[in-house]
Amino acid sequence: MNKIKSHSGAAKRFRRTANGFKHKQSHTSHILTKKSTKRKRQLRALHQVAQSDKALIVRMLPYI
């Protein structure tokens, strides 16, 4: 049987950790002048993927 391909878009966006997956926040690439400094600072951090979305990501990234 052939190997399953990883979803290349998901592979670029998620990294596996001991407790699940981490991802970067959205809304950080452009139109930053209207966003407050506090909001931009809080968006910098990496966050854990929600428990409800974890199964979908495991399915998209079978070998990662």
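Before anything on pairing, I noted the rule: two strands count as paired if DSSP finds at least two bridges between them. Helices (H or I, at least four residues) and strands (E, at least two) are DSSP runs, numbered from the N terminus. By that rule E2 and E3 pair in the antiparallel sense, over 3 bridges.

Ground rules next. This is a predicted model, where local features need pLDDT of at least 70 and side-chain atom pairs count only at pLDDT 80 or more, while totals for chains, interfaces and linings use all residues. Residues are numbered from 1 along each chain as its sequence is written, and side-chain values use heavy atoms, with hydrogens and water left out.

**Entry: overall layout**

I looked up the secondary structure of the chain and found 3 helices and 3 strands. Reading along the sequence, I get the pattern α-β-β-α-β-α.

I then checked the dimensions. The C-alpha trace spans about 50 × 25 × 15 Å along its principal axes. The radius of gyration, taken over C-alpha atoms, can be set against a globule rule of 2.2 Å times the number of residues to the power 0.38. For 64 residues a compact globule would come out near 11 Å, but this chain has 15 Å.

**Entry: the sheet**

Which order do the strands take in the sheet? I read E1-E2-E3, in an open sheet of 3 strands with antiparallel pairing. The edge strands are E1 (14-17) and E3 (46-48), each pairing on one side only. From one strand to the next, the twist averages 35°; axes here are lines fitted to C-alpha atoms, for helices over the stretch in contact, and angles run from 0 to 180 degrees between N-to-C directions.

I went through the partners one by one. E1 pairs with E2 (residues 20-24) in the antiparallel sense over 4 bridges. Phe14 has His23 in E2 as its bridge partner, and Thr17 has Gly20. A hairpin through 2 residues joins E1 to E2. Towards E3, I found Lys24 opposite Leu46.

**Entry: what is inside**

How much of the chain is buried? I noted 16% of the 64 residues, where buried means under 20% relative accessible area, exposed over 50% and partly exposed in between (1.4 Å probe, protein chains only). A nonpolar core is a set of buried Ala, Val, Leu, Ile, Met, Phe, Trp, Tyr and Cys residues joined through side-chain atoms within 4.5 Å. The largest one here has 6 residues: Ala10, Phe14, Phe21, Val49, Ile57 and Leu61. As background, nonpolar side chains in soluble globular proteins tend to be buried together.

I looked at Phe14 again for its contacts, meaning heavy atoms within 4.5 Å. Not counting residues up to four places away in sequence, Phe14 touches Phe21, Lys22, His23, Val49, Ile57 and Leu61. Across the chain, 67% of the contacts with a separation of 6 or more are between residues 24 or more positions apart.

**Entry: the outside**

The chain exposes about 5,600 Å², with carbon and sulfur atoms supplying 54% of it. Those areas come from the Shrake-Rupley method with a 1.4 Å probe, and for residues only the protein chains shown count as cover.

Lys5 sits in the segment before helix H1 (8-13). Lys5 counts as exposed because its relative accessibility is 77%. Leaving aside neighbours within four places in sequence, Lys5 is in contact with Met60 and Pro62. I also checked Lys5 against Arg44: they are 39 residues apart in sequence and 30 Å apart in space, C-alpha to C-alpha.

Ala55 is in helix H3 (residues 51-60). Ala55 has 57% relative accessibility, so I logged it as exposed. From Ala55 to Gly20 I noted 35 residues in sequence and 10.0 Å in space, C-alpha to C-alpha.

**Entry: two positive phi values**

His27 lies in the loop between E2 and helix H2 (37-44). Its phi is near 70°, a positive value in a residue other than glycine. Buried or exposed? His27 counts as exposed, because its relative accessibility is 54%.

Ile31 is in the loop between E2 and H2. Ile31 is not a glycine, yet its phi is positive at about 55°. With a relative accessible area of 49%, Ile31 goes down as partly exposed.
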